Amino acid sequence: MREGETSKKPKPVRLNRRTKARARHLLRGHKRPAALLLLAGAALAAGAGFLPLLLDFAAVRASALLPPAAPALGWGKVAAGVLLTLAAVACAAPLRLGREAWFFGGADGRKRTATRVFFWLQPRWALKAMRFVLALAVRRLLWAAVYLLPGGFLLGGTVWQLRAGGMHFSLALCAAAGGAALLLLGLGFYLLTVQRYALVLPILVKQPKCKLRNALRLSAARTEGQCAALLRFQLSFAPWYLLSLLALPLVYSAPYVTQAKACRCAELLSGKIGEES
């Protein structure tokens, strides 16, 4: 540092504005493929949502042909549900990584090509994408159980006791308020905790041969002390999420929000955020 110069740390608001401005710049000339990628993912997710309906329809048809008390029918429905879930993840995970490669590649200074997307559709890499996505989903589910179940049990138990008439209204109101407060507190801790996994998929995109444990460690290291700032950055898109409920601005807002998050991940992986904050 030269004499007479003072090191001024940029405020988080300025950092966020700079990241969002870079995201808008990177989307110039690429809005159509970005929207198509996100649309394909949404269509696949919607199709996966219809799988339970098909399962129920198949169960009703099977119960009409088999005896009503057939014990194998219930186990068959459970097994079919697990298989359908795995099939949905197997289809969605490669496309999820391909989308991540496209957006993160642009944020990381790499050329955007369809090859980056189709790379993750190959069988070998599709299986690895499925393994990473499932591992992250399981970890998030476990953290949700740790943080959300206590408040959920207290709130749900209070409502059940109140409906059964086994609790005075004033006492039930206090217990319900305590359960809701505990649930909100748990939600806050959950959202902060899962930010440590925000860089796992970008790391895999950047280094496809990396192992899961190495990606988890590197993501936790890069987000150390940045989880709250990363969560605030994501919550700053709340107005866009609300506008997206109208569906009309979704074509613009979804690519912009996704690209901005990819830019922030690239900044964290490069160490720029850690140096400036």
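## Overall architecture

The secondary structure of the protein consists of 13 helices and 0 strands. Read from the N terminus, the order of elements is α-α-α-α-α-α-α-α-α-α-α-α-α. The protein has 277 residues, of which 31% count as buried. Among contacts between residues at least 6 apart in sequence, 76% join residues at least 24 apart.

## Packing of α6 against α9

Helix α6 spans residues 123-164 and helix α9 spans residues 212-222. The two pack at an angle of about 55 degrees, and their axes lie 11 Å apart. The crossing of α6 past α9 is right-handed.

On the α6 side, the residues that take part are R131, F132, A135, L136 and R139. Their counterparts in α9 are L212, A215 and L216. Sorted by class, this contact comprises 6 nonpolar residues, no polar residues and 2 charged residues.

## Salt bridges

The count of salt bridges in the model comes to 4.

| Pair | N to O distance |
|---|---|
| D108 and R110 | 3.5 Å |
| D108 and K206 | 3.7 Å |
| R264 and E267 | 2.9 Å |

D108, R110 and K206 are accordingly linked in a network of salt bridges. D108 lies in the loop between α4 (71-107) and α5 (114-118), whereas K206 belongs to helix α8 (residues 200-206), so the pair ties together parts that are 98 residues apart in sequence.

How accessible are the members of this network? D108 has a relative accessible area of 24% and is partly exposed. R110, at 34%, is likewise partly exposed. K206 counts as partly exposed at 32% relative accessibility. Each value lies between the 20% limit for buried residues and the 50% limit for exposed ones.

The pair R264 and E267 has another setting. These residues are 3 positions apart in helix α12 (residues 250-270), and about one helical turn separates them. Both R264 and E267 are buried, whereas D108 is partly exposed.

T223 is placed in the loop between α9 and α10 (227-235). T223 has 0% relative accessibility, and because buried means under 20%, this residue counts as buried. Neighbours within four places in sequence aside, T223 is in contact with Q195, R196, L199 and L268.

G151 is part of helix α6, the helix that also packs with α9. The relative accessible area of G151 is 0%, and the residue is buried. When neighbours within four places in sequence are left aside, the contacts of G151 are with G179, L182 and L183. The C-alpha atoms of G151 and L187 are separated by 9.5 Å, and the two residues are 36 apart along the chain.

F233 is located in helix α10 and counts as buried at 0% relative accessibility. Residues up to four places away in sequence not counted, F233 touches N16, T19, K20, A260, K261 and R264. One of these, R264, is a partner in the salt bridge with E267 and is itself buried. F233 and V13 are 220 residues apart in sequence, yet their C-alpha atoms lie 8.9 Å apart in space.

## Summary

The predicted model has 13 helices and 0 strands. Helices α6 and α9 pack at about 55 degrees in a right-handed crossing. The network of salt bridges links D108, R110 and K206, and R264 forms a salt bridge with E267. T223, G151 and F233 are buried.

How values were computed:
Residues numbered from 1 in each chain as written. Predicted model: local features only at pLDDT ≥ 70, side-chain atom pairs only at ≥ 80, totals over all residues. Heavy atoms only, no water. Axes fitted to C-alpha atoms, helices over the stretch in contact; angles between N-to-C directions. Helix = DSSP H or I, 4+ residues; strand = E, 2+ residues; numbered from the N terminus. Left-handed = near helix turned anticlockwise from the far one by under 90°. Contact = heavy atoms within 4.5 Å. Nonpolar A, V, L, I, M, F, W, Y, C, P; charged D, E, K, R; others polar. Salt bridge = Lys/Arg side-chain N within 4 Å of Asp/Glu carboxyl O. Buried < 20%, exposed > 50% of the residue type's maximum accessible area, 1.4 Å probe, protein only.
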